[in-house]
Amino acid sequence: MSTSPPPPRNRGLVPRDIALIALFAALIAVLSMTLAVPIGPVPITLQTLGVMLAASLLGPTRGPLAVLTFLLLVAVGLPLLPGGRGGLAPFAGVTGGYLIGWVAGAFVIGLLTARMLPRYRFWWGLLCNAVGGIGVVYLVGVPWSAVVTGDTSLAALLGFAVFLPGDIAKAAIASAVAAGVFRAYPVPPAGRPTA
Ligand SMILES: O=C(O)CCCC[C@@H]1SC[C@@H]2NC(=O)N[C@@H]21
């Protein structure tokens, strides 16, 4: 009886990984610049859709690296945030907590998604994206906004509710895409579950 060798773990980043990280960083940038609904100090955007897709499809290492690559480009001054913002100022501003929360959120989505494979289904994906892409992101972003604006009232803290419908829709889209990809490619490309 022949046994197949276990998939390689912790094999480091190969050129294909770098290309995927760059591709998803670019996707986040495109989504970041595509739509911004200025409903208050923090806009409704499509950015978290990019974060969720990157994390769901690339896993807990490459997903956050794609987000970090995007944030690095913003930090060096590229105008990739809505309104053509870039540089270091956004990180200290009212949305700075969301920017940082994306990295932690992507890690959690990637980790949970990797644990679901190969039994990943839409509803499990929705849960992964909701926990990481909404729960973790808000956990950092909401109090950060409150502190920066100086409004720590309950009403201000509960203001995140306005983002929920859109972010749940984004989590559903990311989960549907990931479920489709994982169904089409049932044998994970080397490293997808762990890298
Ligand atoms: O462009 C920025 O400076 C970051 C904006 C952050 C928007 C946050 S991300 C989570 C929540 N969902 C949205 O649609 N908007 C907020």
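Residues are numbered from 1 along each chain as its sequence is written, and side-chain values rest on heavy atoms, with hydrogens and water left out. Because the model is predicted, local features need pLDDT of at least 70 and side-chain atom pairs count only at pLDDT 80 or more, whereas totals for chains, interfaces and linings use all residues.

The unreviewed UniProt entry places the feature "transmembrane region" at residues 20–44, 65–82, 88–112, 124–144 and 156–182, although such annotations may be inferred rather than shown by experiment. In residues 20–44, the end C-alpha atoms lie 26 Å apart and the span is 60% helix and 12% strand; for residues 65–82 the separation is 21 Å, with 61% helix and 0% strand. Helices (H or I, at least four residues) and strands (E, at least two) are DSSP runs numbered from the N terminus.

Ser-32, which lies in helix H1 (residues 15–34), counts as buried at 1% relative accessibility, the limit being under 20% relative accessible area with a 1.4 Å probe and protein chains only. Its side chain makes a polar contact of 3.1 Å with the side chain of Gln-47 (a pair of N or O atoms within 3.5 Å, one able to donate a hydrogen and the other to accept it; residues adjacent in sequence count only if both atoms are side-chain atoms).

The largest pocket holds about 250 Å³ of space, a volume being the space filled by probe spheres set on grid points that are joined across faces, edges and corners. A pocket is an open set of points on a 1 Å grid over the protein atoms alone, where a 1.4 Å probe fits, with protein on both sides within 12 Å along at least five of seven lines, and lining residues have an atom within 4 Å of a point. Of its 16 lining residues, Pro-41, Val-42, Ser-145, Ala-156 and Gly-159 lie nearest the centre.

Key. Buried means under 20% relative accessible area, exposed over 50%, partly exposed in between (1.4 Å probe, protein chains only).
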